[in-house]
Amino acid sequence: MAIPEIRIHAHAKINLYLEVISKRSDGYHEIETVFHSIGLHDDVIVRKRSDRAITVRCDDPQVPTDARNLAYRAAKLLTDFRPGIPGVEIDIQKRIPVASGLGGGSANAAAVLWGMNQLFDLNLAQPELMRLSARIGADVPFCLLGGAAIGRGIGEVLTPLPPLDNAWIVLANPGFGVPTAWAYDNINFPLTKSSKNVNILVCHLHNGELESVAAQLFNRLETTVNSKYQSVAKLKTKLAACPGSFGALMSGSGATVFALVDSQHQANAAVSIIGAAAAFQAVTYLSPVGLSLD
C-alpha cells in the first residue's frame with residue numbers, strides 16, 4: 001500500500017576542517033573540507049498532493065517558503081526531472097538555527113529529495129540522487145550522504161570517511177547569521193598554507209581518536225568572520241576553555257561555534273558556563289547519518 005507521507009530527521013553538519021584554496025571563474029570557491037553529521041536535526045514531513053503544486057510551511061518565520069527555500073527547489077527539481085509525479089506539501093519543524101553554518105537548509109533539501117524518492121517509488125540510486133543534489137547547493141550532497149566525508153571542489157566531490165562515535169558536541173550561536181557569500185568574498189589568502197594538516201586529521205578519524213582530531217581543527221573563514229563579528233571569537237574562546245573541551249571551531253561560514261568534548265556531563269556543564277553569551281546553545285553528538293526516519 002502506498003504511503004501518503006514520510007517524516008524525516010534532517011541532520012545538521014559541522015566542518016572539522018575548512019581550507020579555501022582559490023576562487024573559481026564561476027564565482028564559487030575551491031575548498032577542501034571535512035564534514036561530519038551531528039545529532040541536531042530539523043523534522044521534515046513530505047506529503048503527496050493530488051495536483052502538481054509545491055507548498056512549504058515552516059514554524060520559523062525567518063525561513064522563506066517560496067522558491068528561495070532549498071527544500072522547495074529540491075521538490076521542483078524532482079518534479080521537473082520526473083514530470084509524471086504529483087506535487088508535495090513540505091512541513092519543516094526547525095531546530096537548526098537559520099544561516100548558522102550548520103547546513104540546515106541543505107539538510108532540508110536532502111530530506112525532500114530522499115523522501116520523494118521513497119514516496120513516489122522513483123528508484124533513483126544514491127549516485128543519481130547525489131548528482132541531482134549538487135544542482136541545489138554545495139552542502140546538499142553531503143547532507144544526503146551523511147556520516148563523515150572529505151569534500152572537495154565546492155564541497156560536492158565527496159570521499160566518505162569513518163564517522164566518529166561516542167563523541168559529544170556543544171553548539172553555541174550568538175544569535176545572528178553570517179552571509180556565506182560575504183565570508184568567502186572577504187578572505188585574505190595567506191602566502192603560506194595552514195599549519196593544520198587535513199591528512200593528519202583524516203588519519204585520526206580513521207583511528208577514532210577524538211582528542212587528536214580536535215588538535216587539527218581548522219577553518220580558513222574564522223579570521224575573516226572574527227574581524228567583523230567579535231562575539232563569534234569570544235564564544236570560541238569560552239568553549240575552548242570549558243573543562244573537558246578538546247578544542248573549539250567555527251562551523252562553515254558561521255556564526256555557530258562548536259566544541260568537541262568527551263562526555264555528555266561535561267557538555268551540559270559547558271552550556272551552563274556559556275550562559276547568556278550565546279543566544280542559542282545545544283548539546284548533541286556526532287552522528288553516523290545525515291538523514292533518518294522519524
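Visitor: Strand 1 and strand 8 (residues 218–219): parallel or antiparallel, and over how many bridges?
Guide: In this predicted model, strand 1 and strand 8 pair in the parallel sense over 2 bridges.

Visitor: Which residue of strand 8 stands opposite Tyr17?
Guide: Tyr17 stands opposite Phe218.

Visitor: What else pairs with strand 1, say strand 2 or strand 12?
Guide: Ala10 is set opposite Asp42 of strand 2. Strand 12 (residues 291–293) also runs antiparallel to strand 1, joined to it by 3 bridges. There, Ile8 has Leu293 as its bridge partner.

Visitor: How many residues sit between strand 1 and strand 2?
Guide: There are 5 residues between them, and the two strands form a hairpin. Gly27, in the turn, has a positive phi of about 95°.

Visitor: How many residues of strand 1 are buried?
Guide: Of the 19 residues of strand 1 (residues 5–23), 14 are buried, so the strand is largely enclosed by the rest of the structure.

Visitor: Different topic. What is the strand order in the open sheet?
Guide: The order is 9-10-7-11, with 4 strands and antiparallel pairing. Strand 9 and strand 11 (280–285) are the edge strands, each pairing on one side only. On average, neighbouring strands of this sheet are turned by 20° against each other, direction ignored.

Visitor: And which helix packs on that sheet?
Guide: Helix 9 (residues 230–241) does, touching strand 7, strand 9 and strand 10. The direction of helix 9 makes about 165° with that of strand 9.

Visitor: Over how many bridges do strand 7 and strand 10 pair?
Guide: Strand 7 (residues 168–173) pairs with strand 10 over 5 bridges, in the antiparallel sense.

Visitor: What about phi of Asp121?
Guide: Phi of Asp121 is near 50°, which is positive in a residue other than glycine. Asp121 is located in the loop between helix 2 (104–119) and helix 3 (126–133). Asn123 is found in the loop between helix 2 and helix 3 as well, and phi of Asn123 is near 55°, again a positive value in a residue other than glycine.

Visitor: Asp121 and Asn123: buried or exposed?
Guide: Asp121 is exposed, with a relative accessible area of 58%. Asn123 also counts as exposed, because its relative accessibility is 70% and the cut-off for exposed is over 50%.

Visitor: On to helix 1. How many residues does it have, and how far does it reach?
Guide: Helix 1 (residues 70–81) has 12 residues and reaches 16 Å from its first C-alpha to its last. That is close to the 16 Å expected at 1.5 Å a residue.

Visitor: What caps the N-terminal end of helix 1?
Guide: Asn69 does: a side-chain oxygen of Asn69 lies 2.7 Å from the backbone nitrogen of Ala71.

Visitor: Which residues of helix 1 are buried, and what covers them?
Guide: The buried ones are Leu70, Ala71, Ala74, Ala75, Leu77, Leu78 and Thr79. Their cover includes strand 3 (54–58), strand 4 (88–93), helix 2 and helix 3.

Definitions and conventions
Residues are numbered from 1 along each chain as its sequence is written. This is a predicted model: local features need pLDDT of at least 70, side-chain atom pairs count only at pLDDT 80 or more; totals for chains, interfaces and linings use all residues. Side-chain values use heavy atoms; hydrogens and water are left out. Buried means under 20% relative accessible area, exposed over 50%, partly exposed in between (1.4 Å probe, protein chains only). Two strands pair if DSSP finds at least two bridges between them. Axes are lines fitted to C-alpha atoms, for helices over the stretch in contact, and angles run from 0 to 180 degrees between N-to-C directions. Contact means heavy atoms within 4.5 Å. The expected span of a helix is 1.5 Å times one less than its number of residues. A polar contact is a pair of N or O atoms within 3.5 Å; within protein, one must be able to donate a hydrogen and the other to accept it, and residues adjacent in sequence count only if both atoms are side-chain atoms.
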